[in-house]
Amino acid sequence: HQALQLRRQRKEAVLAEKRSLGSRDGPPHLVVLVPLHSRAAAHDTLRLLQSQDSAVVRVDEGRAGDFALLCPRLKQRWRFVTAQAGDHHAVLDLAKVADSLLFILDPADGWDSAGEHCLSCLFAQGLPSYALAVPGGTDLPPKKRIDARKKLAKAIEKRFPEAKLFPLNTEQESSLLLRHLATQKQRHLAFRDRRAHLLAYAAEFVPGQESDLVGTLKVSGFVRGQTLNVNSLVHIVGHGDFQMSQVDAPPDPLSLNPRVVKGQKRSHDMEVQDDSVNGADEMEEDVKVLMKADPNKQESLQSEVVPDPMEGEQTWPTEEELQEAEASLKANRRVVKVPKGTSKYQAAWIVDDGEEGKGNQEDDDEDDDIDDDMMEEAVSQEGESSEEEEPAEEECETMTISECLRDDQYDEKVEEDEQMLERYKQERMDEMFPDEVDTPRDVPARVRFQKYRGLKSFRTSPWDPKENLPRDYARIFQFQDFSRTRKNLFRKIEKEETEGASVGWYVTLYVCNVPVSVVKSFKEGKPLVLFSLLPHEQKMSVLNFLVRRHPSNSEPVRAKEELIFHCGFRRFRASPLFSQHTSADKHKLERFLRPDAALVVTVYAPIAFPPASVLLFKQRSNGIHDLIATGSLLSVDPDRIVIKRLVLSGHPFKIFTKTAVVRYMFFNREDVMWFKPVELRTKWGRRGHIKEPLGTHGHMKCHFDGQLKPQDTVLLNLYKRVFPKWTYDPHVPEPVPWVRSESALPVQEVEME
């Protein structure tokens, strides 16, 4: 009986949600038109959707491709927004808030390469409810029209299984499409259902008193998702986090039952509503202030902890303590005969023999001189090696220029090709010899690898997560129990009612300290999307994303390269670390993004609560953003230990029963003694340790648990914890529109056509 009640409640909740969407009490049904082909007839689709029967009122917003449909008879209202072709930022931002996506296909090819890239991004981010429309194709004969439709249905079956194609050539077909959009089941995106969000219907910028570049932004739109509280922070997608000062409730411009203003005729009740002067005056007269921000309850914009460099230091002594110290020094003073030029510190150590201190000083000076000579020699060797390498690079450049003098434009890409070739070589070497490095000969290995340590077992050996933390860790926030905080926060959202603007209300938000560039981009036709932030989501921490390489990209991606992240409703740039996804407490660093395994990406970024999707892009030199990986938010955990492994290799020189003489791992006796406690292993599975050094050139006698093979290689593993770089940048440059190429359908079908 209880299960039956729960089932009935869920069914009623789904029906109530479907009825409220687009109704008088809910927000308008937001439909985003996404053309997937350069030949897709978006204008014909807009014309057919606008040309409905007399019961539908059209409301034009003054921007090309954006309009609203009001149907008082069916008690439904829609708002249609067209995404700019090739602008993937706009498509992804609109898909974050859209109720339905209307994909416009080409009747012959479906979608092209740019459409394929757009679909990959949308599927990775999270796809809301959608419909497929195919305008055109009436010029073909009836038989060929049926064959083309069957071919198109077969082509889209991989991306959209069991999807229905809606032809869009007549008003009757457009009415069927509208009915399908209104009655289909809504798909939910978790990151937006728990946050209030809106798509700007109108925006106005009021410059501040101090500067014209920063001021208050008045954004009007319909509240969606959750109740909007004025004391919470809002995130403008692509621009940053801001505070609100006030929320107003102006008249609804898309009301199904518009009020009659005195002096107007009754025949004007069902006419087109626009933002005329009279309408603006009426809105100003009828605006109601819903709430104003309370400074005591308002969320702070502080995103980082300001570290105190004196924290943890000893407190400054009081005057009494200073006087006591002076008195004790005077009481303990003694007069001693010392050589000329001796410092006070050296004189304090002199007991009887005065030459002892002087001899120590001369020895220290000699050691310093030796160290200085070694450093100068190392620097001179580096300079000589660099001078030897520079002519070779110049010769290579001259040869390249002499070969390609005919085509200057082609010659510009040679340098990029050389860099890409070097990356491919590094990736290939890392696959063949993972983590192996050559022991330097000019610097002692104990100095070069002084930050590394050996581990008895990578899986079970302990490693303190609070040990030797970088200075950037003093700037971030950390949860005592992240999963518990997340669970309590989501339970509070579901059960407790918050004060504020309810879902479906048309409100005006007063957003403070907004740069003028936000309203400029809105006037250029780009969407303005706002999300309310949950508690702590403006604070910086260490985020871990679980991603997998996208099959469309095969270029090598090295760790700590700058990438562009689309995480939930945020966009930012950062230089991530790649590590293995395991259940252990330590995770090995990966130098490249692997195509065959899921990896964890670690960056400094604002806190977000999973589930949230993530897309990784890499910007080309020409400004195009390539999708390289997709995944989801794994955790917010600064204590996740990422370990970098180095492998030093040596070769068996003389092999005995269970001992062997190994060379080429080190090149001096001191290094062998330094790394003697570290365990050795071989590529064929033997384990051993260093017994003693032989000679002065790095040869060493090693003992193993079995006899070595002549072709085996002796390895020594060293480990060091690494941290990401603080390169977080919330401002992402706009991508260059994707270059459209031929059809994205399989090659065989194109050849048959």
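**Talking through the predicted chain**

Trainee: What share of the 753 residues in the chain is buried?

Mentor: Buried residues make up 41% of them. Keep in mind that this is a predicted model.

Trainee: And what makes a residue count as buried?

Mentor: Its relative accessible area has to be under 20%. Go over 50% and the residue is exposed; in between, it's partly exposed.

Trainee: Then why is Asn513 called exposed?

Mentor: Asn513 has a relative accessible area of 55%. The cut-off is over 50%, so Asn513 is exposed.

Trainee: Why does Lys560 count as partly exposed?

Mentor: Lys560 comes in at 38% relative accessibility. Buried needs under 20% and exposed needs over 50%, so Lys560 falls in between and is partly exposed.

Trainee: What makes the phi of Asn513 worth a remark?

Mentor: It's near 55°, a positive value in a residue other than glycine. Most residues other than glycine have a negative phi. You'll find Asn513 in strand S16, residues 506-515. Lys560 also has a positive phi, near 70°, and sits in the loop between strand S18 (540-549) and strand S19 (563-567).

Trainee: Which peptide bond is cis, and what is its omega?

Mentor: The one from Pro610 to Pro611, with omega near 5°. Most peptide bonds are trans. Pro611 belongs to the loop between strand S23 (599-606) and S24.

Trainee: Now the interior. What makes a group of residues a nonpolar core?

Mentor: They must be buried, of nonpolar types such as Leu and Phe, and joined through side-chain atoms within 4.5 Å. The largest such core has 43 residues, and Leu101, Phe103, Leu105, Leu122 and Phe160 touch the most other members. Among the elements giving it two or more residues are strand S1 (29-35), helix H3 (88-97), strand S5 (100-104) and helix H4 (113-125). At least three residues come from each of domain 1 (1-188) and domain 2 (190-255 + 287-304 + 500-537).

Trainee: How do you know that Leu101 is in contact with Val32?

Mentor: Contact asks for heavy atoms within 4.5 Å, and Val32 is on the contact list of Leu101, which leaves aside neighbours within four places in sequence. That list also includes Val34, Ala95, Leu122 and Tyr130.

Trainee: Which residues are in the other core, the one of 31 residues?

Mentor: Among them are Phe545, Phe572, Leu593 and Leu633. That core lies apart from the 43-residue one.

Trainee: How many helices and strands are there in the chain?

Mentor: 18 helices and 31 strands.

How values were computed:
Residues are numbered from 1 along each chain as its sequence is written. This is a predicted model: local features need pLDDT of at least 70, side-chain atom pairs count only at pLDDT 80 or more; totals for chains, interfaces and linings use all residues. Side-chain values use heavy atoms; hydrogens and water are left out. Buried means under 20% relative accessible area, exposed over 50%, partly exposed in between (1.4 Å probe, protein chains only). Helices (H or I, at least four residues) and strands (E, at least two) are DSSP runs, numbered from the N terminus. Domain bounds come from an automatic or database domain assignment.
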